[in-house]
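Please keep the sequence and the structure in view while reading.

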Amino acid sequence: MTTALRSTDGPSTPPHPGPGAALARDLRKRGRRRLLREDTLTVLAWASGAAAVALYLADGGAGQFNSPSPALTGIGVIAGLIGTDLVLVMLLLAARIPLIDNAIGHDRAMAVHGKLGKPALYLILAHTVFLLLGYGMADGLNPIAEGVSMWVNLPDMWLAFISIVLFIAVVVTSLVAVRRRFPYEFWYVVHLLTYAAVLTALPHQFSVGGLFADGQWQRWYWIAFYVLVLAALLRFRIWAPLALTLRHQLTVQRVVPAGDGAVNVELTGLRLEELAGSGGRFFIWRFLAPGLWWHHHPFSLSADPAAGRLRITVRNLGRGSASLMAVKPGTKVSISGPYGLFGHAARTRAGLVLVGSGIGITPLRAILERAEFEPRQATVILRASTPETLYLRDEIAELCQQRGATMFELVGHRARSGNTWLPRHQTGLRLADYVANLSGSDVYVCGPNKWAESVMADAKATGLADAQLHRERFDW
Ligand SMILES: Cc1cc2nc3c(=O)[nH]c(=O)nc-3n(C[C@H](O)[C@H](O)[C@H](O)COP(=O)(O)OP(=O)(O)OC[C@H]3O[C@@H](n4cnc5c(N)ncnc54)[C@H](O)[C@@H]3O)c2cc1C
């Protein structure tokens with residue numbers, strides 16, 4: 001079945017009035033500020049690598065390049081310094097620091113984190129190989145004999161070799177092809193070994209590397225960098241979730257069916273109005289009940305938080321989400337967040353287009369509830385293969401009615417060939433055919449990967465800038 005339904009145009013006065021031009025100006029200004037933050041962070045990341053090398057050269061490293069053996073050692077040291085710098089940058093990206101999350105979003109931060117893994121490992125391996133060659137040449141030993149000699153004679157070297165093995169394990173289990181073979185939880189636990197890898201690498205940097213030797217500029221640089229990373233991890237990965245959980249004291253109030261294989265989990269808690277405006281963003285949830293407490297899941301809010309009320313909509317997509325279908329009222333819940341840029345803070349234009357498929361509609365419903373827009377400046381497109389998977393459809397239709405947004409329901413299977421996000425019978429159409437003011441709008445997309453990519457490609461082909469396109473991925 002394929003239906004395209006335009007909702008009745010809503011009232012002439014929106015519940016959140018505001019002159020369109022002023023809103024557009026305000027959003028553009030906010031967008032520019034965010035891009036500036038993003039550029040600043042990019043420059044800082046590059047500068048950290050450059051500083052590591054520059055300080056090493058300034059602290060006497062430059063003098064090493066006048067004969068083959070010290071030159072090989074120097075190359076090894078530089079590879080190790082840049083590799084260590086990359087690992088620390090990766091840890092900062094994974095620390096869920098609001099400054100980074102608000103500038104580039106959690107998913108992009110994690111994508112960059114993932115991309116740095118292989119280069120960091122290659123640099124650490126290059127560090128090992130060049131040092132074995134350099135020291136081996138100086139001692140008249142082959143690299144393997146040199147490795148054995150270092151293991152036996154130098155304190156802490158055995159820990160450094162263990163660190164390399166741990167880094168290899170983390171990077172290999174993170175490769176997409178390998179990762180897909182294991183449950184998420186296995187990958188997650190192996191990934192925690194990164195901390196062990198960093199810790200086991202530290203002692204040889206003190207005792208053998210001289211990185212922290214007295215009188216060196218680089219000593220202060222590296223101490224500051226390590227302390228910054230440790231503080232960020234403690235503050236945002238451990239303290240922030242604990243404080244948030246204790247502050248809001250969430251409890252499951254009720255679980256109600258919300259369409260084919262999905263439920264609304266409604267929660268009560270304290271001071272939830274403080275989270276208002278985070279609709280569309282996601283939290284990481286841990287339900288503290290037997291059999292549930294040991295796994296956590298990211299879920300987006302499907303309604304904007306209000307005093308005493310929070311809601312997520314969960315579809316049964318695997319073992320963990322299946323067990324949430326029957327979570328008992330009264331269950332305590334720990335959370336961390338909100339994370340991601342999929343919300344109001346990412347807006348850059350006065351027009352708003354929300355395109356969701358299947359359970360991907362949940363964050364869009366929350367955004368619609370609170371977003372600022374003039375009547376007829378917002379379009380919601382609900383996409384599903386069958387009417388049963390048009391999740392939250394009635395609520396969204398009512399919100400569109402109240403707020404003066406236009407809604408389309410596009411139901412039906414996709415064509416087997418061609419890269420289209422539309423139902424089979426509407427493949428000739430484009431996003432611009434549904435949205436009058438597409439060029440003056442932000443487009444928010446959430447749904448299955450291939451489908452979402454095809455919506456993004458359609459929007460891009462009409463000339464929309466990257467800053468106008470926002471996507472939430474429900475996978476990892
Ligand atoms: C940012 C974000 C927001 C999401 N919002 C919603 C939502 O509002 N409603 C909804 O129904 N689903 C949402 N999801 C998807 C939901 O998190 C997964 O469906 C759920 O975690 C699956 O776990 P499982 O144990 O049921 O399935 P499994 O069979 O264990 O896993 C299925 C797949 O889910 C993913 N997954 C599992 N656990 C995690 C985790 N802790 N972190 C990241 N990915 C994981 C992995 O891709 C895994 O391969 C969201 C996902 C993300 C990343």
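A salt bridge is a side-chain nitrogen of Lys or Arg within 4 Å of a carboxyl oxygen of Asp or Glu. The search of the whole structure for such pairs finds 14 salt bridges. Side chains of opposite charge can pair when their charged atoms come close.

This is a predicted model, in which local features need pLDDT of at least 70, side-chain atom pairs count only at pLDDT 80 or more, and totals for chains, interfaces and linings use all residues. Residues are numbered from 1 along each chain as its sequence is written, and side-chain values use heavy atoms, with hydrogens and water left out.

## Overall form

The C-alpha atoms of the chain fill a box of roughly 85 × 50 × 45 Å, taken along the principal axes. The secondary structure comes to 15 helices and 11 strands; helices (H or I, at least four residues) and strands (E, at least two) are DSSP runs, numbered from the N terminus. Of the 476 residues in the chain, 50% are buried. Here, buried means under 20% relative accessible area, exposed means over 50%, and partly exposed lies in between (1.4 Å probe, protein chains only).

Serine 321 illustrates the buried class: its relative accessibility is 9%, and it lies in helix H11 (residues 319-323). Between serine 321 and leucine 202 there are 119 residues in sequence and 39 Å in space, C-alpha to C-alpha.

## The nonpolar core

A nonpolar core is a set of buried Ala, Val, Leu, Ile, Met, Phe, Trp, Tyr and Cys residues joined through side-chain atoms within 4.5 Å. The largest one has 40 residues, and Trp222 and Phe225 have the most contacts inside it. Two or more residues of this core come from each of H1, helix H2 (68-93), helix H3 (98-104), helix H4 (106-139), helix H6 (157-174), helix H9 (193-207) and helix H10 (217-248). H2 supplies the largest share, 10 residues.

## Surface patches

Patches are made of residues with over 30% relative accessible area and no salt bridge; like charges are joined within 9 Å, and nonpolar side chains (Val, Leu, Ile, Met, Phe, Trp, Tyr) within 5 Å. Accessible areas come from the Shrake-Rupley method with a 1.4 Å probe, and for residues only the protein chains shown count as cover.

A nonpolar patch on the surface consists of Ile144, Val148, Trp151, Val152, Trp158 and Ile162, with about 630 Å² of accessible area together. Helix H5 (143-153) and H6 each give two or more residues to this patch, and H5 gives the most, with four residues. Valine 152, which belongs to helix H5, is exposed because its relative accessibility is 60%.

A positive patch is formed by Arg25, Arg28, Lys29, Arg32, Arg33 and Arg37. Lys and Arg count as positive and Asp and Glu as negative, while His and the chain ends are not counted. Arginine 37 lies in helix H1 (residues 20-58) and is partly exposed, since its relative accessible area is 33%.

## Salt bridges

| Side chains | Distance, N to O |
|---|---|
| Arginine 247 and glutamate 274 | 2.7 Å |
| Aspartate 394 and arginine 393 | 2.9 Å |
| Lysine 460 and aspartate 466 | 3.3 Å |

Arginine 247 is partly exposed at 39% relative accessibility, and glutamate 274 is partly exposed at 42%. Aspartate 394 is exposed at 56%, whereas arginine 393 is partly exposed at 24%. Lysine 460 is partly exposed at 47%, while aspartate 466 is exposed at 55%.

Salt bridges also form a network that links Arg309, Arg311, Arg365, Glu369 and Glu395.

## Backbone features

Glycine 337 and proline 338 are joined by a cis peptide bond, with omega of about -5°. Proline 338 lies in strand E6 (residues 332-339).

Aspartate 156 is not a glycine, yet it has a positive phi of about 75°. This aspartate 156 is in the loop between H5 and H6 and is partly exposed at 22%. Arginine 271 also has a positive phi, near 55°; it is found in the loop between E2 and E3 and is partly exposed at 37%.

Terms used:
The place of a charge is taken as NZ of Lys, CZ of Arg, CG of Asp or CD of Glu.
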